[in-house]
Amino acid sequence: VVLDDQPFRRYNTCTQPVFTPDGRNIAYVASSADDKGITRQFAVFNGHEQTPYTFVSGAIVFSPGSEAYAYVARNDDGKAFVVVNGHEGPAWDDFQFAADKSPILSFSLDGRSIGYVAKVGDFWAAVLDGRQSKTYDQIGSENTRIGFTPKGSFTYIAVRKGAFYWVEEKQ
């Protein structure tokens, strides 16, 4: 990655860099071998490497005001979790991904809350700020919107035993 004619460290692989909405910060996912020769992936923010993992989603998400960032990571045990501002959230079996294979992570407009859909066993649950909702057979079916309203509620469509539900989670 080269920014303003200044090269950053060289890595085995690197995703397309993304900028925060305010344009002041740059982030990307890179990989390199650790001391044992095992390739690890990690997020890089303004040239600073974050914690290495077995897998890091190439999609880094920023809050609307640029003060928070998040991405999905996975450890050797296969459990996945969201990392928000460098802090690991609860471990889940998997996450809901968009058609482009990026995890669906959504910040509230004020940037203080994050919501996503996680797999819990054979079911799915919405997670708001690390707290799990009820489980459903499916959430966000048929490419429906999952995210925050302007008033700060986290909304989604869920399916349980063939019935559809419009769900609104409050912060």
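In the hairpin formed by β5 and β6, five residues lie between the strands, and G37 adopts a positive phi near 85°. Strands, like helices, are DSSP runs numbered from the N terminus (E, at least two residues, for strands; H or I, at least four, for helices). The structure is a predicted model, in which local features need pLDDT of at least 70 and side-chain atom pairs count only at pLDDT 80 or more, whereas totals for chains, interfaces and linings use all residues. Residues are numbered from 1 along each chain as its sequence is written, and side-chain values use heavy atoms, with hydrogens and water left out.

Strand β5 (residues 26–33) runs antiparallel to β6 (residues 39–45), and seven bridges join the two; pairing requires at least two DSSP bridges between strands. A30 of β5 stands opposite F42 in β6, and C14 stands opposite A30. Strand β3 (residues 13–14) pairs with β5 in the antiparallel sense over two bridges. Strand β4 (residues 18–19) and β5 are likewise antiparallel, over two bridges, with A27 as the bridge partner of V18. Six residues separate β4 from β5 in their hairpin, where G23 takes a positive phi near 75°. Of the eight residues of β5, seven are buried (under 20% relative accessible area, 1.4 Å probe, protein chains only).

The protein chain contains 21 strands and zero helices, and 41% of its 171 residues count as buried. Its C-alpha atoms fill a box of roughly 55 × 35 × 25 Å along the principal axes.

Methods. Buried < 20%, exposed > 50% of the residue type's maximum accessible area, 1.4 Å probe, protein only.
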